[in-house]
Amino acid sequence: MRDGYAETCRKYNLSPSLLRKWRLKYLSKGKEGLKDSYERVDPQLRALEEENERLKRIVAKQALELEIKNELLKKLLFTPGEAKPDETVRKSS
């Protein structure tokens with residue numbers, strides 16, 4: 001480095017140990033050594049995934065509510081001992 005470690009660190013507001021670590025990575029692996037070791041996630045993609053999960057939860061909640069309402073309606077409309085509507089139709093035919 002033409003400017004030296006100290007000058008470069010001051011210019012770019014870096015710690016000398018970080019610059020040294022980057023230098024060693026570059027010398028051992030080249031440009032590939034300086035790339036992120038983890039995959040970056042696009043913020044828009046993350047927002048869409050979160051929205052998708054939220055909508056799935058809403059649909060699941062609504063499906064559960066509908067199922068409960070249907071069960072309650074069956075219990076209220078068809079009390080034990082009463083004939084179900086399709087049974088009365090068969091008997092009268």
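This is a predicted model: local features need pLDDT of at least 70, side-chain atom pairs count only at pLDDT 80 or more; totals for chains, interfaces and linings use all residues.
**Figure 1. Packing of helix α1 against helix α2.** The view shows helix α1, spanning residues 5–12, and helix α2, spanning residues 16–29. The two helices pack at an angle of about 105°, and their axes are 9 Å apart. Because angles of 65 to 115 degrees count as roughly perpendicular, α1 is described as roughly perpendicular to α2. On the α1 side, the contact is formed by Y5, T8 and C9; on the α2 side, P16, L19, R20 and R23 take part. Sorted by class, the contact of α1 with α2 comprises 4 nonpolar residues, 1 polar residue and 2 charged residues.

**Figure 2. The salt bridge between Arg10 and Glu7.** Side chains of opposite charge can pair when their charged atoms come close. In this close-up, the side chains of R10 and E7 form a salt bridge, with an N to O distance of 3.2 Å. Both residues belong to helix α1, and because they are 3 residues apart there, about one helical turn separates R10 from E7. The count for the model comes to 3 salt bridges.

Note on methods:
Residues are numbered from 1 along each chain as its sequence is written. Side-chain values use heavy atoms; hydrogens and water are left out. Axes are lines fitted to C-alpha atoms, for helices over the stretch in contact, and angles run from 0 to 180 degrees between N-to-C directions. Helices (H or I, at least four residues) and strands (E, at least two) are DSSP runs, numbered from the N terminus. Angles under 35 degrees count as roughly parallel, over 145 as roughly antiparallel, 65 to 115 as roughly perpendicular and the rest as oblique. Contact means heavy atoms within 4.5 Å. Ala, Val, Leu, Ile, Met, Phe, Trp, Tyr, Cys and Pro count as nonpolar, Asp, Glu, Lys and Arg as charged, and the others, Gly among them, as polar. A salt bridge is a side-chain nitrogen of Lys or Arg within 4 Å of a carboxyl oxygen of Asp or Glu.
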